[in-house]
Amino acid sequence: VLVCVFTIPVVLFLGGCHERSALEEKKEIEFPVNERGYPQNNIVIINDTSYPIDIVGHSHIDSKVDSEIEIKMEKKSNIVEIVLPQYLPINNWSIEEKEYVNLISYNKTDFPIKDGDMIEGISTAVQKFKIQVSTDETTEILLKWANINEVDKLFKDKKEDYLLKISVSY
């Protein structure tokens, strides 16, 4: 009885420690950063491949696509992972959900910045969308980079500052 009383708490304690280390080893979002540690604002990463975007230097026209990216997928996977820089804290990316686009998960991650490297007005965050698409046909994914005041509006009603179109084919 004494052995059981001693052994059970030790096993539970060690099990809890193992879970904690598994969480610490969990891979963070990898995204290229500038010399100060901020996420680069001219790149989108789709399934671990970088593509150029220009959310800073463009001249936007409403409802006109600013960048179009075409990607070819392997037949064995129907998951698209998109990682975008937030760049400005007053803007967020949103995705158009359609019947053939299933948003599996969304994650927003802030990169740690040293006090001496902090810049006012620039966001340390990247946004990650994990989407399931149809393998039967080409899928168009639309993402809008819009002011946070637009967050409560339907996707079609949001006035965007940048419109990104990703075409996924097999």
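The residues that line the second largest pocket divide into seven nonpolar, four polar and two charged, where Ala, Val, Leu, Ile, Met, Phe, Trp, Tyr, Cys and Pro count as nonpolar, Asp, Glu, Lys and Arg as charged, and the others, Gly among them, as polar. This is a predicted model, in which local features need pLDDT of at least 70 and side-chain atom pairs count only at pLDDT 80 or more, while totals for chains, interfaces and linings use all residues. Residues are numbered from 1 along each chain as its sequence is written, and side-chain values use heavy atoms, with hydrogens and water left out.

The pocket lining has 13 residues, of which Trp93, Ser94, Ile95, Val151 and Lys158 lie nearest the centre of the pocket. A pocket is here an open set of points on a 1 Å grid over the protein atoms alone, where a 1.4 Å probe fits and with protein on both sides within 12 Å along at least five of seven lines, and lining residues have an atom within 4 Å of a point. The space in this pocket is about 190 Å³, a volume being the space filled by probe spheres set on the points, which are joined across faces, edges and corners. Strands S5 and S8 are the elements that give two or more residues to the lining, and S5 provides the largest share, with four residues.

The secondary structure comes to one helix and nine strands, taken as DSSP runs numbered from the N terminus, with helices being H or I over at least four residues and strands being E over at least two. Along the sequence the pattern reads α-β-β-β-β-β-β-β-β-β. Of the 170 residues in the protein, 35% are buried, which means that their relative accessible area is under 20%, whereas exposed residues have over 50% and partly exposed ones fall in between (1.4 Å probe, protein chains only). Among contacts between residues at least 6 apart in sequence, 72% join residues at least 24 apart, a contact meaning heavy atoms within 4.5 Å.

Five bridges join S5 to strand S8 (residues 139-147), and the two run antiparallel. Within this pairing, Asn91 has Asn147 of S8 as its bridge partner, and Asn92 has Ala146.

Is Ser169 buried or exposed? Ser169 is buried, with a relative accessible area of 19%, and, leaving aside neighbours within four places in sequence, Ser169 is in contact with Ile71, Lys72, Met73 and Thr138.

The other sheet described here is also open, with five strands in the order S2-S1-S4-S7-S6 and antiparallel pairing. Strand S2 (49-52) and strand S6 (101-110) stand at its edges, each with a single partner strand, so one side of each has no neighbour in the sheet. Four bridges join strand S1 (residues 43-46) to S2 in antiparallel fashion, and Ile45 has Ser50 of S2 as its bridge partner. In the loop between S1 and S2 lies Asp48, whose phi is near 70°, a positive value in a residue other than glycine; Asp48 is exposed, with a relative accessible area of 71%.

Two further loop residues complete the picture. Tyr87, in the loop between strand S4 (79-85) and S5, also has a positive phi, of about 60°, although it is not a glycine, but Tyr87 is buried, at a relative accessible area of 18%. Ile113 sits in the loop between S6 and strand S7 (125-133) and is likewise buried, at 13%. The C-alpha atoms of Ile113 and Tyr38 are separated by 7.2 Å, with the two residues 75 apart along the chain. Beyond neighbours within four places in sequence, the contacts of Ile113 are Arg36, Gly37, Tyr38, Met118 and Thr124.

Definitions and conventions. Pairing = 2+ DSSP bridges.
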